[in-house]
Amino acid sequence: LAPFGIKGAIWYQGEANRLDGALYEQKMHALIKGWRTVWGQGDFPFYYVQLAPFIYRGAEPTMLAHLWEAQTKVLKFKNTGMAVTTDIATVKNIHPPNKQDVGKRLALWALAKDYGKNELVYSGPIFKSAKIDGNGIWLEFNHTGEGLKSSDGKPLTWFTIAGTDGKFVSAKAEIHGNKVHVSSDNVANPTDVRFAWDQTAEPNFVNSAGLPASPFRTGK
């Protein structure tokens, strides 16, 4: 296609790279930089789709979470955007049929970043920082819109917490404005939090626009 003119690129990642883990970030960096170099039209937009939850049989349950983490880190590259799909998956079908919402979420990035629709909330919550406070951990996020919420009105799901022993257990996560407080009666001195850190995770944590939060962990 080069050197024909290009407005931007959309990348829907397939399953072949699901084992890449942290290496995926560098592969995407190379891809994006390579395309921009070949076209010679500057840092044109590059928007991509997060892999959806799926039961990879025989796989380590956190394998996909490491790829999600790498995909999220790609956002630090200029003019990139990511459509999160944890809430529109079919964990027993590797090809989720709901592509309409995938397209709408990609379009939100383009409308906000490239077509002047500055008022749009174009991303779900992205983990920003964590602060340990007694027996709990406070989490802050970017892209909160007008506030955080549960998509189904029920308690937030897929949050886990660990202490110094590194053993993660199910946690209670409560929304306070634009922050989330995570704790567990079984962890007296927490050190880290994980969210949706499992290949089957379909959490209910969203912002005011109904866009889902991206999986993350606070430590390594």
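Residues are numbered from 1 along each chain as its sequence is written, and side-chain values use heavy atoms, with hydrogens and water left out. Because the model is predicted, local features need pLDDT of at least 70 and side-chain atom pairs count only at pLDDT 80 or more, whereas totals for chains, interfaces and linings use all residues.

Helix α2 spans residues 63-73, and nine of its eleven residues are buried, so the helix is largely enclosed by the rest of the structure. Here, buried denotes under 20% relative accessible area, exposed over 50%, and partly exposed the range in between (1.4 Å probe, protein chains only). Helices (H or I, at least four residues) and strands (E, at least two) are DSSP runs numbered from the N terminus. The buried set consists of Met63, Leu64, Ala65, Leu67, Trp68, Glu69, Ala70, Gln71 and Thr72. These residues pack against helix α1 (23-39) and against strands β2 (46-49), β3 (80-83), β4 (126-133) and β13 (216-217), where contact requires heavy atoms within 4.5 Å. Within α2, Gln71 has a relative accessibility of 0% and therefore counts as buried. When residues up to four places away in sequence are not counted, Gln71 touches Gln13, Tyr24, Tyr48, Val49, Gln50, Leu51 and Met82.

Aromatic pairing was assigned to rings of Phe, Tyr and Trp (its six-membered ring) with centres within 6.5 Å; planes under 30 degrees apart count as stacked, over 60 as edge-to-face and the rest as tilted. By this rule, the count comes to 15 aromatic pairs. The rings of Trp39 and Phe44 have centres 6.1 Å apart and planes at 85 degrees, so this pair is edge-to-face; both residues are buried. Phe127 and Phe216, by contrast, form a stacked pair, with 4.7 Å from centre to centre and 5 degrees between the planes. This pair links distant parts of the chain, as Phe127 belongs to strand β4 and Phe216 to strand β13, 89 residues apart. Phe127 is partly exposed, with a relative accessible area of 23%, while Phe216 counts as buried at 6% relative accessibility. Both are members of one aromatic cluster that also contains Phe141, Phe159, Phe195 and Phe205.

Charges over rings were also identified, the criterion being NZ of Lys or CZ of Arg within 6 Å of the ring centre and within 35 degrees of the ring normal. Lys7 lies over the face of Tyr115 at 5.3 Å from the ring centre. Arg36 lies over the face of Phe44, at 6.0 Å from the ring centre.
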